[in-house]
Amino acid sequence: MLQLPRPTPPKKPLVSLSESYEFCRHMTAEYAKTFYLGSLLLPKEKRKAIWAIYAWCRRTDELVDGVKSESTTPTTLEQWEQQLELLFAGHPVDDMDVALTDTVKNFSIDIQPFRDMIAGQRMDLDRNRYETFEELKLYCYRVAGTVGLITNPVWGIGNSNSTVPWESQQKLYEPREEAIALGIAMQLTNILRDVGEDAQRGRIYLPLEDLRLFDYTEEDLMKGVIDDRWRALMRFQIQRARQYYHQAEKGIRYLDSRLPVWAALMLYQGILDAIERNQYDVFTRRAFVSKREKILSLPVAWLRAQVL
Ligand SMILES: CC(C)=CCC/C(C)=C/CC/C(C)=C/CC/C(C)=C/[C@@H]1[C@@H](COP(=O)(O)OP(=O)(O)O)[C@]1(C)CC/C=C(\C)CC/C=C(\C)CCC=C(C)C
Ligand SMILES: [Mn+2]
């Protein structure tokens, strides 16, 4: 049996469960307007679970991306992983872990995708270029596809109200590949939106093999050159991301809580439309979906959740 390190008792008593969920809610509302909006479309228990998961994912990303990331080393990530093992064993180490400890128990969530996400953050410590799409896809699975696997038990599978036996049988299929596909699609979208910002930090996530295919160089990218080569390269990347959204769409019908997933998918996909409207200028303009567009897309998401 796996021997876990003995949990060191927290230095001060941890907050109550409701306070911990409130911290996670606050963090989600503060950092992720789209996901927060999506979470509000869920019943209370599921909504709280999404906040707890969001908070852990955001904190994990902050380790390599946040203000204190300069001091993050492989050892920091090892310790973070140990803290994860402890919370899965029922021993939360800090105030925000309290809510996640409760969530993973209530929804029987598997630990492996959490470990995989930490492995994704390790990739950000180790490298700032991706040679092939296969390499980038692995990174996208780790930092984002994992969120699909983590959240599947929260959306729920097979608990629909259907009274028809063959329908409930059909619903037992767990759309794992589709959940991963949505995470990958969202991460590819993030990458396309943030090309300029990442370049300033010396990072290129677009596969170098794709740059070569369109005769566009790293130096062009660093200078923010927008020409026919760049537009063709971006069209290619956008089309690839849309294929992943399309794959994900086919899995949503197997979930119990479909509306927030449709809403998040449509809002994130809208960023690709915004990049196109901005004539592929991701260097000086930030692609975003306006509040009005977000609100207008909700009835469409609702309809899709009912009929597709
Ligand atoms: C069958 C089927 C289709 C099921 C649906 C499964 C599903 C909901 C999949 C989507 C998974 C998802 C929300 C992935 C998150 C993608 C993402 C935004 C990843 C970000 C990575 C790093 O990005 P980067 O550093 O480039 O960008 P920043 O500038 O730092 O933002 C992440 C930051 C990794 C960590 C992920 C998060 C913080 C988001 C986690 C989100 C949730 C738990 C909320 C999901 C809620 C709804 C309503 C979908
Ligand atoms: Mn980040």
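Mentor: A polar contact is a pair of N or O atoms within 3.5 Å; within protein, one must be able to donate a hydrogen and the other to accept it, and residues adjacent in sequence count only if both atoms are side-chain atoms. This is a predicted model, where local features need pLDDT of at least 70 and side-chain atom pairs count only at pLDDT 80 or more, while totals for chains, interfaces and linings use all residues. Residues are numbered from 1 along each chain as written, chains are lettered from A and ligands numbered from 1 in written order, and side-chain values use heavy atoms, without hydrogens and water.

Let us start at the ligand. D61 has a polar side-chain atom 2.9 Å from an oxygen atom of ligand 1. For D65 that distance is 2.8 Å. For R58 it is 3.3 Å.

Stay with D65. It also forms a salt bridge with R201 (a side-chain nitrogen of Lys or Arg within 4 Å of a carboxyl oxygen of Asp or Glu). Their closest N and O atoms are 3.1 Å apart.

Next, the domains. An automatic or database domain assignment gives domain 1 (16–110) and domain 2 (127–163 + 173–308). Their centres, taken over C-alpha atoms, are 22 Å apart. Domain 1 puts 15 residues into the contact and domain 2 puts in 19 (heavy atoms within 4.5 Å). About 1500 Å² is buried between them, with 78% from carbon and sulfur atoms. Buried area is the accessible area (1.4 Å probe) that two parts lose on being put together, summed over both. T34, L41 and K46 supply 31% of what domain 1 buries against domain 2, more than any other three residues.

What links cross this interface? The rule finds one salt bridge. Five residue pairs are in polar contact, both residues at pLDDT 80 or more. On the domain 1 side, α2 (33–39) and α3 (44–65) each supply at least two of the touching residues. Helices here are DSSP runs (H or I, at least four residues), numbered from the N terminus. The largest share, six residues, comes from α3.
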